[in-house]
Amino acid sequence: MGALSDEVLVEIAAYFRVLAEPMRLKILQVLMEGEQSVGEVIAETGGNQANISKHLHILWQAGILQRRTVGTSVRYMVVDPVVFEICQVVYDYLVRQMAVKSNLRASLLPMSK
């Protein structure tokens, strides 16, 4: 990644702010399985209607989700699966960090006799 303009950096930060909410990540996890109705997302996440609708709207506005109306139901799907790759990279990083911290803690423990 070369030098990025301030405008691009602002957009990157905005994208990460959208992902920096546990319920939105939970919703994305549900949508990994494919297109879901709002009701299905609510059932899978355990959230309430107003909260899930708000988060779906934010993800849609950010361009992460696409929605379509089928009868009286609104269905959501992930537009670009790169969001899952981003989450996987962060997850892998966290697992490595936890392993390093765990090894460090183990090396600091007093030796038992």
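These legends accompany close-up views of a predicted model.

**View 1. Overall fold of the protein chain.**
The protein chain of this predicted model holds five helices and three strands. Read from the N terminus, the elements follow the order α-α-β-α-α-β-β-α. The C-alpha trace extends over about 70 × 40 × 20 Å along its principal axes. The radius of gyration is 19 Å, whereas a compact globule of 113 residues would have one near 13 Å. Of the 113 residues, 23% are buried. The chain exposes about 8200 Å², and 59% of that area comes from carbon and sulfur atoms. Among contacts between residues at least 6 apart in sequence, 51% join residues at least 24 apart.

**View 2. The largest nonpolar core.**
The largest nonpolar core consists of 18 residues. Ile-27, Leu-28, Leu-31, Leu-56, Ile-64 and Leu-65 have the most contacts inside this core. Two or more residues each come from helix 1, helix 2 (22–31), helix 3 (38–45), helix 4 (49–61) and strand 3 (73–78). Helix 2 makes the greatest contribution, with five residues.

**View 3. Surroundings of Ile-64.**
Ile-64 is one of the core residues with the most contacts inside the core. Neighbours within four places in sequence are left aside in this view. The residues in contact with Ile-64 are then Tyr-15, Val-18, Leu-19, Leu-28, Leu-59, Met-77, Val-78, Val-79, Asp-80 and Val-83. Leu-28, one of these partners, is also listed among the core residues with the most contacts.

**View 4. Gln-36 in strand 1.**
Gln-36 belongs to strand 1 (residues 36–37). Its relative accessibility is 14%, so Gln-36 counts as buried. Apart from residues up to four places away in sequence, Gln-36 touches Val-30, Leu-31, Val-41, Val-74, Arg-75 and Tyr-76. Of these, Leu-31 is among the core residues with the most contacts, and Arg-75 takes part in a salt-bridge network.

**View 5. Salt bridge between Arg-68 and Glu-35.**
Three salt bridges are found in the whole structure. In one of them the side chains of Arg-68 and Glu-35 meet at 2.7 Å, N to O. This pair links distant parts of the chain, 33 residues apart: Arg-68 is in strand 2 (residues 65–70) and Glu-35 is in the loop between helix 2 and strand 1. Arg-68 is partly exposed, with a relative accessible area of 41%. Glu-35 is also partly exposed, at 22%.

The side chains of Glu-35 and Arg-75 form a salt bridge of 2.8 Å, N to O. The two residues are 40 apart in the chain, with Glu-35 in the loop between helix 2 and strand 1 and Arg-75 in strand 3. Arg-75 also forms a salt bridge with Glu-40, where the closest N and O atoms are 3.4 Å apart. Here the pair is separated by 35 residues and joins helix 3, which holds Glu-40, to strand 3, which holds Arg-75. Arg-75 has a relative accessible area of 19% and is therefore buried, the limit being under 20%. Glu-40, at 33%, counts as partly exposed. Glu-35, Glu-40, Arg-68 and Arg-75 together make up a network of salt bridges.

Met-1, Leu-4, Val-8, Leu-9, Ile-12 and Phe-16 make a nonpolar surface patch of about 580 Å². Met-1 is placed in the segment before helix 1 (6–19). With a relative accessible area of 89%, Met-1 is exposed.

Terms used: Residues are numbered from 1 along each chain as its sequence is written. This is a predicted model: local features need pLDDT of at least 70, side-chain atom pairs count only at pLDDT 80 or more; totals for chains, interfaces and linings use all residues. Side-chain values use heavy atoms; hydrogens and water are left out. Patches are made of residues with over 30% relative accessible area and no salt bridge: like charges are joined within 9 Å, nonpolar side chains (Val, Leu, Ile, Met, Phe, Trp, Tyr) within 5 Å. Accessible areas come from the Shrake-Rupley method with a 1.4 Å probe; for residues, only the protein chains shown count as cover. A salt bridge is a side-chain nitrogen of Lys or Arg within 4 Å of a carboxyl oxygen of Asp or Glu. Helices (H or I, at least four residues) and strands (E, at least two) are DSSP runs, numbered from the N terminus. Buried means under 20% relative accessible area, exposed over 50%, partly exposed in between (1.4 Å probe, protein chains only). The radius of gyration is taken over C-alpha atoms; the globule rule is 2.2 Å times the number of residues to the power 0.38. Contact means heavy atoms within 4.5 Å. A nonpolar core is a set of buried Ala, Val, Leu, Ile, Met, Phe, Trp, Tyr and Cys residues joined through side-chain atoms within 4.5 Å.
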